[in-house]
Amino acid sequence: MVRSFSAIAKLGIFLGVGIAWSAVIAPAFVAKPPQGGAGLEAGTDAGVGGLRGSQRPDWRKTRSEGTGTPTAQLGLAALGVGLVALGTSAAKVRLASPARHLVPLKDSLKTYDAAAVRMAEEAADRKTLQKTLEEVSESFKRKHENIDKAAAEASMRRPILEESRTPATTKVEQRAGGNLAQYDDTWHIVRDGETAPASATWSNCRIDTSTSEYAETSTANASVPCSGPRAWMSQSLIPLDYRVVEVPRGKLLDPACDALIFGHLPFGSPERQAAEGKAQRRLVVIDETVDDLYGDKVRAYFEARGVVHEIMRLPMVEEEKSMENTLRVCKKMKEFNIDRRTEPVIAIGGGVCLDVVGLASSLFRRRTPYIRVPTTSLAYVDASVGAKNGCNFCESKNRLGTYVPPAAALLDSSFFRTQEKRDIANGVSEMAKMSLMKSKELFHLLKDNAPRLVETRFEPRDASDDVPERVLRLSIETMLEELTPNLWEHSLDRLVDFGHAVGQNLEMKALGTEHELMHGEAVACDMAYMSVLANVLGKITAEERDSILSMLRTCQVPVYSPFFTREFFREAMEDRVQNSMGQRLPLPAGIGKGCVVNDVSDADFEKAFVLYEELCKQ
Ligand SMILES: NC(=O)c1ccc[n+]([C@@H]2O[C@H](COP(=O)([O-])OP(=O)(O)OC[C@H]3O[C@@H](n4cnc5c(N)ncnc54)[C@H](O)[C@@H]3O)[C@@H](O)[C@H]2O)c1
Ligand SMILES: [Zn+2]
């Protein structure tokens, strides 16, 4: 009874002092004029506060920034509010389990100063509590004055910090931008001012903590967040690496070549050595048409190399680029009991096959490695090189998909031998795109050689003829240059979109008509119009424009379609602007040089349209 009475008295004192704190002492500090722009984040984590403050978008501004309230004052006010809450909460839960209910509050207060909270909690009587609070107040004032000073200094150093993206600590070099250290077999956040054992392993990932922007505000001062909810910014740098490996023409299905089994592992790497010493199993998914043409060789290859295998044959044409087919591949992976660490699924076919198997692999057990073997000229230089996969859904092209690159794309251009000429030219159009945006050399190689490359399906004339391989190599490398730094297409300013602003709409518009266009053909019409537009805008000369149009014609692709009307163009551009958040039109800015343009007027579009019809309509 006595104990319970004294507990109530103690809690009452807590409550009273807490209210006094928040009503009198904390506001006195809050009334101080703002010092610098650093917000609450800087107060609790001064070293990175300046950095984050400057990088945070407007909508994430903390309340402290909104009012210009300095960090230290918020910390002090939060302590007051926290103590009120502590008292209130303790009083409420007296008959329940005080210890358990107080834990979250104590934890949140610990953010400010665990020792201070402990002292306040341990105070035996009113006098001690008052004295403790005075000490806490003094110590907080001193501490936060220092933090404000540090934050102000940090904000002055901001340009340098932003450049290096590392907090101002003595361990900058070690941390390499991260604040997570592994020691004692686990990972720890190492905040500024803290250290980790010298033997620790530093990650370049980081976790930054701040007060949640949804933290409730005090009733006394709406600009002061309670100490409760926090927000964590977790930044993981996930390495995504994949190989794109050419083999000499005709060698991929030669049992003497081990690329199909081990080519995804870097040559001489420990993983490759380990794999070479073990029996191998592979699931192969192959397009029906390709199976008819190359299936025997594929089977003979795996037999000869003693690889346990299963071959799944599927109709991989655009109409079958579906979730149903994707799930059939997933089911087969389950039945094959695939080992996702050591048994990449192999996809052999055109872009449809590679996209469907890529999607299935990215779904199966969240990510199972796969290998792309492109068998069309288009898939060789386009679908095989990037990270995208997908299938059509609800009558929309590639509506479902992921950005998960293959373990490797294994390239052998001898598969082109069985393609129709028109199919080869379809892929050459994408090569022309890369030449116009990025490579003068590729432009001239195509201008001088495209007809015979299409005619011979990239077969070299003789051993000294390196034109076919140079064309393919330049197409792939320029593509990789654009894709690697923007693998997830965060930037919508993509030169590889040249020909695709309205090209895909044109492809859809012409589908099923007597003027049906293959993808590369529709892209070529778009490139032709855009090159004329670039000339109208003064980006290229009339000679350059004519040279581009002539090169496209040389590639055996159309530069005009009867569906390319004013009305079509207007609608397609509306789609473009909506999907790409602006025009973002990649245009030639010379031969082998591109630029992205955003502010083309209707008058210039119309001028270009008239000229385009004049130059390209047969
Ligand atoms: N993921 C990407 O980044 C990316 C990029 C470009 C295109 N794509 C996708 O790729 C698809 C287009 O690819 P595609 O042009 O390779 O078409 P495709 O896969 O539809 O193949 C075209 C036809 O050629 C047949 N074929 C395949 N290889 C052959 C060979 N060696 N000899 C004879 N016939 C052969 C196929 O059976 C099919 O009938 C589209 O669905 C497109 O969305 C994806
Ligand atoms: Zn394309």
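**Note on the predicted model**

1. In this predicted model, strands S14 and S15 form a hairpin in which 5 residues lie between the two strands. Gly590, located in the turn, has a positive phi of about 135°. S14 covers residues 585–588 and S15 covers residues 594–597, and the two pair in the antiparallel sense over 4 bridges. One bridge can be named by its residues: Pro586 has Val596 of S15 as its partner.

2. The average pLDDT of the protein is 79, and 70% of the residues score at least 70.

3. One open sheet consists of 6 strands with parallel pairing, in the order S6-S13-S10-S9-S7-S8. Its edge strands are S6 (243–246) and S8 (308–314), each of which pairs on one side only. Direction ignored, neighbouring strands of this sheet are turned against each other by 20° on average.

4. Within this sheet, strand S7 (residues 281–287) pairs with strand S9 (residues 345–349) in the parallel sense, over 3 bridges. The partner of Val284 in S9 is Ile346. Helix H13 (residues 323–335) packs on the sheet and touches S7, S8 and S9. The direction of H13 makes about 165° with that of S8.

5. A second open sheet has 3 strands, in the order S2-S1-S3, and its pairing is antiparallel. Strand S2 (186–189) and strand S3 (201–203) each have a single partner strand, so each stands at an edge with one side left without a neighbour in the sheet. From one strand to the next, the twist averages 30°. Strand S1 (residues 180–183) pairs with S3 in the antiparallel sense over 3 bridges, and Gln182 has Thr201 of S3 as its bridge partner.

6. Which residues come nearest to ligand 1? Of the 27 residues around the ligand, these are Thr289, Gly350, Gly351, Thr376 and Ala383. Three helices, H12 (288–304), H14 (351–363) and H15 (377–383), each supply at least two residues of the shell. By class, the shell around ligand 1 contains 10 nonpolar, 11 polar and 6 charged residues.

7. The last point concerns a pair of helices. The axes of H20 (residues 519–536) and H21 (residues 542–554) come within 9 Å and cross at roughly 175°. Because angles over 145 degrees count as roughly antiparallel, H20 is roughly antiparallel to H21. On the H20 side, the contact is made by Ala524, Met527, Ala528, Ser531, Val532 and Asn535. On the H21 side, Ala542, Arg545, Ile548, Leu549 and Leu552 take part. The residues of this contact divide into 8 nonpolar, 2 polar and 1 charged.

Terms used:
Residues are numbered from 1 along each chain as its sequence is written. Chains are lettered from A and ligands numbered from 1 in the order in which they are written. This is a predicted model: local features need pLDDT of at least 70, side-chain atom pairs count only at pLDDT 80 or more; totals for chains, interfaces and linings use all residues. Axes are lines fitted to C-alpha atoms, for helices over the stretch in contact, and angles run from 0 to 180 degrees between N-to-C directions. Angles under 35 degrees count as roughly parallel, over 145 as roughly antiparallel, 65 to 115 as roughly perpendicular and the rest as oblique. Two residues are in contact if their C-beta atoms, placed from the backbone, lie within 7 Å. Ala, Val, Leu, Ile, Met, Phe, Trp, Tyr, Cys and Pro count as nonpolar, Asp, Glu, Lys and Arg as charged, and the others, Gly among them, as polar. Two strands pair if DSSP finds at least two bridges between them. A residue is near a molecule or strand if its C-beta atom, placed from the backbone, lies within 6 Å of it. pLDDT is the predictor's confidence in each residue, from 0 to 100.
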